[in-house]
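Reader: I would like to learn how to read a model like this, one feature at a time. Where do we begin?

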Protein chains: 2
Amino acid sequence: MNDDAMNLRARNKQATREAISHAALRLAIDQGPHGLALVRVQDIASAAGVSPRTYNNYFSSREEAICSFQADQSRRAGQALAARPADEPLDRAIIAAMLELYTDPEPDRAGLRMIMSTPELEGEALKAFTMAEGPLAEAIAARAGMDPERDLFPGVTAAAVAGAIRVAGRHWLAPGSAASFADVVREALACVVPPAPAPRSRS
Amino acid sequence: MNDDAMNLRARNKQATREAISHAALRLAIDQGPHGLALVRVQDIASAAGVSPRTYNNYFSSREEAICSFQADQSRRAGQALAARPADEPLDRAIIAAMLELYTDPEPDRAGLRMIMSTPELEGEALKAFTMAEGPLAEAIAARAGMDPERDLFPGVTAAAVAGAIRVAGRHWLAPGSAASFADVVREALACVVPPAPAPRSRS
DNA sequence: CCACATCTTGCGTGTCACGCATTATGTGCG
DNA sequence: CGCACATAATGCGTGACACGCAAGATGTGG
């Protein structure tokens with residue numbers, strides 16, 4: 001009961017959080033990448049059914065609210081990789097994990113285009129994608145038997161993977177690309193993922 | 001004469017721009033990563049010897065002003081790579097160019113630490129490092145004989161390189177790292193730079 | 001059913017970005 | 001050598017925002 005009871009409150013919080021985030025992204029998409037300034041905090045709050053002050057209890061900027069979904073997704077990158085079977089080679093594990101995480105439902109083109117090609121959102125969008133790096137680096141280090149504090153490989157590889165997915169997204173949004181997002185991500189990751197992880201420990 | 005005359009105006013602009021940026025970074029460093037909110041626009045403007053309104057003619061946020069130096073540096077990444085001899089292999093060219101650009105004067109530890117480990121600056125800092133990617137991708141594509149619009153390799157590699165340098169910076173700032181920044185960057189780039197560029201064109 | 005914790009809300013405040021009009025500072029030409 | 005023009009700097013006013021604070025609403029547990 002403790003769990004259920006606590007979960008009730010926690011889920012209310014989560015629900016309003018998602019309501020605000022969803023409303024913010026929706027309104028932003030409606031106005032398009034060039035009219036983001038027209039999306040007022042008041043609009044987001046009322047669209048989410050909360051007070052403007054409450055909105056500010058969950059997010060401290062419009063940008064943060066709009067990119068919240070992307071940020072949450074990136075935060076799961078670590079556990080996505082950790083969930084892969086331990087005997088899978090690193091490169092295959094990374095590719096499989098990232099495909100699961102980012103292409104399980106094909107991303108919403110409008111939403112992704114909004115957060116990736118709106119100048120005012122660039123900073124928050126980069127923060128959102130970069131949030132994958134920490135957990136990813138931990139998971140990579142665990143797999144390669146390295147110390148993420150001492151060895152550069154995990155952190156650098158994580159950054160490369162996150163960057164590859166970001167570039168894949170940009171490419172997928174570009175006009176004239178008929179490929180599925182999964183194919184683009186595969187091709188992008190193939191450029192940076194080490195076929196042989198070369199798990200040398202630091203000298 | 002046209003050049004000199006025009007240069008006078010342009011150099012005045014550049015000078016005030018640098019004055020503002022420098023003052024902003026200086027004040028931010030003085031307050032430390034935890035007191036950025038105490039750095040008022042008015043302070044930056046008066047420290048730079050300009051009006052607060054003028055400050056806002058050059059930068060539209062404190063964060064942008066503080067990270068301006070890093071952004072300018074990143075913007076030169078493309079030409080740094082393009083300036084390498086054409087017969088140099090891609091991996092060596094990238095490493096040499098990045099070492100020139102980012103380690104020619106060893107970075108200022110206080111400044112780098114400020115922009116890399118201040119939460120409020122994270123978005124702008126990422127934008128600053130990411131600004132290297134576009135020009136870098138162009139230069140890589142030119143070297144590999146690829147089309148940066150169609151092939152993913154240039155863009156992904158550029159993102160990986162920028163990410164590697166960012167991670168190298170973080171590692172270099174961590175306590176207990178006695179290595180020079182150049183060594184850290186070398187080691188980081190070794191994790192992502194393709195020893196053989198594998199210049200296959202897209203099917 | 002009641003005391004407590006947590007969430008929501010309204011209000012006030014200080015800061016900020018920016019449009020607009022005015023003044024100062026270079027620029028090029030007659 | 002000035003004089004018309006372009007560009008930059010400044011002052012002012014406005015609208016919006018983030019956030020601290022305290023009161024009210026809503027669950028939570030005994």
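Reader: In what order do the elements of chain A run from the N terminus on?

Author: The elements of chain A run α-α-α-α-α-α-α-α-α-α-α-α, with twelve helices and zero strands in the chain. Helices (H or I, at least four residues) and strands (E, at least two) are DSSP runs, numbered from the N terminus. The model is predicted: local features need pLDDT of at least 70 and side-chain atom pairs count only at pLDDT 80 or more, whereas totals for chains, interfaces and linings use all residues. Residues are numbered from 1 along each chain as its sequence is written, while chains are lettered from A and ligands numbered from 1 in the order in which they are written.

Reader: What box do the C-alpha atoms of chain A fill, and what share of the residues counts as buried?

Author: Taken along the principal axes, the box is roughly 55 × 50 × 30 Å. Of the 203 residues of chain A, 41% count as buried. A residue is buried if 20 or more other C-beta atoms lie within 10 Å of its own, exposed if 12 or fewer, and partly exposed in between, with C-beta atoms placed from the backbone. For contacts in chain A with a separation of 6 or more, 66% come from residues 24 or more positions apart; two residues are in contact if their C-beta atoms lie within 7 Å.

Reader: Take single residues, then. Are P105(A) and E124(A) buried or exposed?

Author: P105(A) is exposed, because it has 7 other C-beta atoms within 10 Å. P105(A) sits in the loop between α7 (90-103) and α8 of chain A, and its C-alpha atom is 27 Å from that of G49(A), 56 residues apart along the chain. E124(A) is buried, because it has 24 other C-beta atoms within 10 Å. E124(A) belongs to helix α9 (residues 122-130) of chain A. Leaving out residues up to four places away in sequence, E124(A) touches E63(A), E64(A), C67(A) and G123(B). Its C-alpha atom and that of R62(A), 62 residues apart along the chain, are separated by 9.8 Å.

Reader: How many residues of α9(A) are buried, and what covers them?

Author: Eight of its nine residues are buried, so α9(A) is mostly covered, by the cut-off already given. Among them are G123(A), L126(A) and F129(A). The cover includes α4 (62-66), α5 (68-75), α8 (109-116), α10 (133-144) and α11 of chain A, together with α9 of chain B.

Reader: How are α9(A) and α9(B) packed?

Author: Two packed helices are described by the angle between their axes and the distance between the axes. Here α9(A) and α9(B) pack at about 90 degrees, with their axes 8 Å apart. Axes are lines fitted to C-alpha atoms, for helices over the stretch in contact, and angles run from 0 to 180 degrees between N-to-C directions. The two helices are therefore roughly perpendicular to each other. Angles under 35 degrees count as roughly parallel, over 145 as roughly antiparallel, 65 to 115 as roughly perpendicular and the rest as oblique. From α9(A) the contact uses E122(A), G123(A), E124(A), L126(A), K127(A) and T130(A), and from α9(B) it uses E122(B), G123(B), E124(B), L126(B), K127(B) and T130(B). Those residues divide into two nonpolar, four polar and six charged. Ala, Val, Leu, Ile, Met, Phe, Trp, Tyr, Cys and Pro count as nonpolar, Asp, Glu, Lys and Arg as charged, and the others, Gly among them, as polar.

Reader: At what angle do α11 of chain A and α12 of chain B cross?

Author: The axes of helix α11 (residues 152-173) of chain A and helix α12 (residues 181-192) of chain B cross at roughly 55 degrees and come within 9 Å. That makes α11(A) oblique to α12(B). On one side are L152(A), F153(A), V156(A), T157(A) and A160(A), which meet E187(B), A188(B), C191(B) and V192(B) on the other.

Reader: How many residues does the whole contact take from each chain?

Author: The contact takes 22 residues from chain B and 22 residues from chain A. On the side of chain B that touches chain A, the elements giving two or more residues are α9 (122-130), α11 (152-173) and α12 of chain B. The most come from α11(B), with twelve residues. That side of chain B divides into eleven nonpolar, six polar and five charged residues.
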